[in-house]
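These are my notebook entries on one protein chain, written down as I looked things up.

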Amino acid sequence: NNINNKEKLNKYLSKAGEDIQQVSESISDIVWNINPNYDKLGNLFIRMKRYAAEMMDNKNIDYKINFTEEVDNLSLEMDKRRNLYLLFKEAVNNLTKYSQAKKVTMELFLKNNVLDLIIKDDGMGFDAATTLMGNGLTNMKNRAAALNGHIEIKSSPGEGTNIHLNFPIT
């Protein structure tokens, strides 16, 4: 219908391309998640690091990722693996989309059978007390609950954001 209107056509094609990319990523996530060959945490960490690197490289954010190797061979059941990965993706997506951060650190470690994920940025932050809970933050809290874990999101304007998730892996 818009073949003669180049501006509308390009806008439509760009949106369609984004939608196709998103569907493709979702299908890839589903296929990856149900494959028992990827039950080990080391495989999940590789996927998480790859996603974070791609997103932050696209925004020229300086980042450090330190995921402990001591748990690489531990297994995590499919639902927990899925919730951890999707919570992580949501946190990284929010960070790259809204924070305007220049530096980010990500840590993941095991202590007393509790897995801790910490994501800190030096971005613009937000007032956690007055900011309405959008879908992203609500989804992250729901996924933390599904992991039988706890998530704390600390942020204030001009001070960046600190996300701390912990949950038992047993």
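How many residues does α2 have, and what distance does α2 reach from its first C-alpha to its last? I keep in mind that I am reading a predicted model. I find 18 residues in α2 and a reach of 26 Å, which is close to the 26 Å expected at 1.5 Å a residue.

**Entry 1: the whole chain**

I listed the elements next and found 4 helices and 5 strands in the protein chain. Read along the sequence, they follow the pattern α-α-β-α-β-β-α-β-β. I also looked up burial for the chain as a whole, and 36% of its 170 residues count as buried. For contacts with a separation of 6 or more, I noted that 67% are between residues 24 or more positions apart.

**Entry 2: the sheet**

I then followed the strands and found an open sheet of 5 strands with mixed pairing, in the order β1-β2-β3-β5-β4. At the edges stand β1 (62-67) and β4 (150-155), and because each has a single partner strand, one side of each is left without a neighbour in the sheet. Neighbouring strands of this sheet are turned against each other by 5 degrees on average, with direction ignored.

As a reminder to myself, strands of a sheet pair through backbone hydrogen bonds, and they do this either parallel or antiparallel. When I looked for the bridge partner of L108, I found L117 in β3.

**Entry 3: helices across the sheet**

Which strands does α2 lie across? I found that α2 (residues 41-58) lies across β1 and β2, and that it runs at about 175 degrees to β1. For α3 the list of strands is β1, β2, β3, β4 and β5 (161-168), and α3 runs at about 10 degrees to β3.

I went back to α2 to see which of its residues are buried, and the list includes L41, L44, F45, M48, Y51, A52, M55 and M56. I wrote beside this list that an α-helix has 3.6 residues a turn, so residues three or four places apart point the same way.

**Entry 4: aromatic rings**

I counted 2 aromatic pairs in the structure. In one of them, the ring centres of F45 and F67 are 5.4 Å apart and the planes stand at 70 degrees, so I recorded the pair as edge-to-face. This pair links distant parts of the chain, since F45 is in helix α2 and F67 is in strand β1, 22 residues apart. Both F45 and F67 are buried.

The other pair is F67 with F88, where the centres are 6.2 Å apart and the planes are at 75 degrees, so this pair is also edge-to-face. Here the link runs from F67 in strand β1 to F88 in helix α3, 21 residues apart. F88 is buried, as F67 is. Taken together, F45, F67 and F88 form one aromatic cluster.

**Entry 5: S99**

Is S99 buried or exposed? I found S99 in helix α3 (residues 78-99), and its relative accessibility of 8% is under 20%, so S99 counts as buried. Leaving aside residues up to four places away in sequence, S99 touches N94, D121, G123 and M124. D121 is 22 residues from S99 along the chain, and their C-alpha atoms are separated by 7.9 Å.

I looked at the side chain of S99 as well, and one of its polar atoms lies 2.6 Å from the backbone oxygen of L95. The side chain of S99 also reaches the backbone nitrogen of A101, at 3.0 Å.

**Entry 6: two residues with positive phi**

Where is N60? I placed N60 in the loop between α2 and β1, and noted its positive phi of about 55 degrees, although N60 is not a glycine. N60 is exposed, with a relative accessible area of 69%.

N148 has a phi near 60 degrees, again a positive value in a residue other than glycine. I placed N148 in the loop between α4 (135-146) and β4. With a relative accessibility of 56%, N148 counts as exposed.

Notes:
Residues are numbered from 1 along each chain as its sequence is written. This is a predicted model: local features need pLDDT of at least 70, side-chain atom pairs count only at pLDDT 80 or more; totals for chains, interfaces and linings use all residues. Side-chain values use heavy atoms; hydrogens and water are left out. Buried means under 20% relative accessible area, exposed over 50%, partly exposed in between (1.4 Å probe, protein chains only). Contact means heavy atoms within 4.5 Å. A polar contact is a pair of N or O atoms within 3.5 Å; within protein, one must be able to donate a hydrogen and the other to accept it, and residues adjacent in sequence count only if both atoms are side-chain atoms. Two strands pair if DSSP finds at least two bridges between them. Axes are lines fitted to C-alpha atoms, for helices over the stretch in contact, and angles run from 0 to 180 degrees between N-to-C directions. The expected span of a helix is 1.5 Å times one less than its number of residues. Rings of Phe, Tyr and Trp (its six-membered ring) pair if their centres lie within 6.5 Å; planes under 30 degrees apart count as stacked, over 60 as edge-to-face and the rest as tilted.
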